[in-house]
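Subject: Handing over the structure

Hi,

Here is the structure I promised to pass on to you. Have a look first, and then read on for what turned up in it.

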Amino acid sequence: MALVDYSSSDSESAVEAAPSAAAKRRKISHDKPSDEPALPPLPAAFHDLYASTVRVSTSDDPTLHQGRKRVNPHKAGNWPSHLYVEWHPTPSQRSILTNLLSALKPALSALSVDLTSFLVSDLGAPQPLHISLSRPIVLSTSQKDGFLEELVSCIKTSGVAPFDLAPRGLEWHRTQESARSFLVLRVASAGGGAADGGSGTSPVGHNAASAEKDKEASTTSNQPPQEQQEQNPQLTNLLQRCNTLVKEYNQPPLYAFKANNGDDAFHISIAWSFAAPTPEAKYWTEEIFSHSSLGRMRDEILGLRVHVDGVKAKIGNVVTHVPLPVRGKMG
């Protein structure tokens, strides 16, 4: 069969016509506003399907993870696991947190403290933040299914309905296990949750002034320690149940509260650094957070709300959402 001989003029005219058609389509799309509705948000379960990165090495290689090292090295038959509360900041909430990190980075970089944000992935995609309810633990293949079943049961009978949290302050937290420093938001119950019979959505009206008043009240009050420590009644309830469960599987608990040390250890990590925070770095962090020339940064941060409607269990690469019981449907 002979090849068909197309003239060069035919191909050139086709090439010339293509931009014209594309330009017309662009003009139409710009001139006529789209009546198509905005895409609905992805269901919460979708995030759980893609919560883990693809494994690209059969051995632990810190160069693949920004220099980070596993707390529990990979071993066949072991399932690294973690219990936590997950928070997906809204675009406006994420913008507030991004502005905070952008304000901090220049001052901290000058002190050799390089911040890496938890807000976005290496590819720039938004990432969820979390509040830990366990240390990084390890389950064997024979344990993991039973562990998850027991977790579902203890959360279902916890009596903790969905509730809200509010940031109470910004500080540095250094962990020896990972040799990293974390910039964290301390959180406390925003009121109206399971502890006081409310719906879990009432605001606390925290701002810079009220935060200072709370701090003064905690140091001068004559209330007994038990009353002073009720900053996180719902999280404490959930943590105690998680601690009891992980200890049954010979794993270390996360926090062990004493009668007089409060329950203010819960936090959300928003950035990290390998550098240990010096007193000077801590000073500038607080200075920028509290007295930023950008205006109401501290008030905006303390005004954020974190809604909690369940506990996440990550076992290996599988994430399971365990919902908190809805009031009136427990048991």
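A quick word on naming before the rest: helices and strands are DSSP runs, numbered from the N terminus, and a strand needs at least two residues. Please keep in mind that this is a predicted model.

On confidence, the chain averages a pLDDT of 76, with 62% of the residues scoring at least 70.

Next, the helix pair. Helix α3 (residues 91-109) and helix α8 (residues 279-291) have axes that come within 10 Å and cross at roughly 145 degrees. The crossing of α3 past α8 is right-handed. On the α3 side, L100, A103, L104, A107 and L108 take part, and they meet A281, W284, T285, I288 and F289 of α8. Sorted by class, this contact holds nine nonpolar residues, one polar and no charged ones.

Is R168 buried, exposed or in between? Its relative accessibility is 31%, so R168 counts as partly exposed, as that class lies between the 20% and 50% cut-offs. The side chain of R168 makes a polar contact of 3.3 Å with the side chain of Q231. V187 lies 19 residues away from R168 in sequence, with 5.4 Å between their C-alpha atoms.

Notes
Residues are numbered from 1 along each chain as its sequence is written. This is a predicted model: local features need pLDDT of at least 70, side-chain atom pairs count only at pLDDT 80 or more; totals for chains, interfaces and linings use all residues. Side-chain values use heavy atoms; hydrogens and water are left out. Buried means under 20% relative accessible area, exposed over 50%, partly exposed in between (1.4 Å probe, protein chains only). A polar contact is a pair of N or O atoms within 3.5 Å; within protein, one must be able to donate a hydrogen and the other to accept it, and residues adjacent in sequence count only if both atoms are side-chain atoms. Axes are lines fitted to C-alpha atoms, for helices over the stretch in contact, and angles run from 0 to 180 degrees between N-to-C directions. Helices (H or I, at least four residues) and strands (E, at least two) are DSSP runs, numbered from the N terminus. A crossing is left-handed if the near helix is turned anticlockwise from the far one by less than a right angle, and right-handed if clockwise. Contact means heavy atoms within 4.5 Å. Ala, Val, Leu, Ile, Met, Phe, Trp, Tyr, Cys and Pro count as nonpolar, Asp, Glu, Lys and Arg as charged, and the others, Gly among them, as polar. pLDDT is the predictor's confidence in each residue, from 0 to 100.
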